[in-house]
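Thank you all for coming. I would like to walk you through one structure today, beginning with a single residue and then moving on to how the chain is divided.

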Amino acid sequence: MESSKKNIVVFTGAGISAESGLTTFRDNKGLWKQQRLEDLATKHAWEYDPERVLAFYNHRIAKANAAQPNAAHHAIAELEKYYDVSVITQNVDDLHERAGSTNVIHLHGRLNFVQSSLDASVVYPWHGKPILIGQRCEFNCQLRPNVVLFGEPVLHLDEARTLMLEADKVLAVGSSLSVQPAAGLLNEASAHAEKILISKEVKTKPFDYQFIRGNATELVPSVCANWLRES
Ligand code: APR
């Protein structure tokens, strides 16, 4: 039976987790301002120096595990009362899920899972512990973070595209829109969809999006409250 509820897609980036204490990538003190992503988050880096890559991701696993969802994550979860909501996130933390969102698509993987270094489709739940050299999958290959490294294919892209095409409303939060193909998804939304972008700043505003500058924890609850009143 077709749902009578309208479809909302929420597209998120590191900025929505910033106020939960998780560092973004390209802000002034961002991760890629402190260290070179080429040494830490590429396929080559993993093959060349897995210990260094594991140390970087083990730090992020611990931080993500200790973080709490913020008011923006909770407001998005609330939308499910009256809308069919899909969260398409570039983030690898599980704060959307812990806030109560039930349909979260991770384009760039998840820190609360590990994968076989032989086969990315072989994944295991991983709850906050460090990944160590010598910990191996069922095929006796080294475990690694279940995250998409630069140079590897993004996950669930077709599904994300379809959801964006069918969205009645799109809310994009906390992304610099610097990384493709993720950022390009915003342009897949239909001309008829209401489209809002919340961020502190953005390189190029996608066409036909209303840009609201500011903090996610203030602006996202306000947009969601308006949409709940409308429903
Ligand atoms: N509220 C709203 N927006 C914020 C906040 C906040 N409190 N703090 C920061 N921002 C915004 C910044 O203005 C910036 O536009 O969030 C955005 C963060 O941008 P990036 O650090 O580039 O993060 P993101 O867009 O998610 O990066 C995409 O790059 O390295 C890869 O895989 C990584 O998924 C990541 C991808």
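Ala191 is exposed, with a relative accessible area of 63%, where exposed means over 50%, buried under 20% and partly exposed in between, using a 1.4 Å probe and protein chains only. Ala191 sits in the loop that runs between strand E7 (169-173) and strand E8 (194-199), strands being DSSP runs of E with at least two residues, numbered from the N terminus. From Ala191 to Phe207 the separation is 16 residues in sequence and 9.9 Å in space, C-alpha to C-alpha.

Please keep in mind that this is a predicted model, in which local features need pLDDT of at least 70 and side-chain atom pairs count only at pLDDT 80 or more, while totals for chains, interfaces and linings use all residues. Residues are numbered from 1 along each chain as its sequence is written, and side-chain values use heavy atoms, with hydrogens and water left out.

Turning to the domains, the assignment, which is automatic or from a database, gives domain 1 (1-21 + 69-108 + 155-231) and domain 2 (23-66 + 109-147). Their contact, meaning heavy atoms within 4.5 Å, takes 17 residues from domain 1 and 15 residues from domain 2.

How much area do domain 1 and domain 2 bury between them? The figure is about 1,000 Å², 53% of it on carbon and sulfur atoms, counted as the accessible area (1.4 Å probe) that the two parts lose on being put together, summed over both. On the side of domain 1, Ala14, Gly21 and Val92 lose the most area to domain 2, together 39% of what that side buries.

Technical notes: Helix = DSSP H or I, 4+ residues; strand = E, 2+ residues; numbered from the N terminus.
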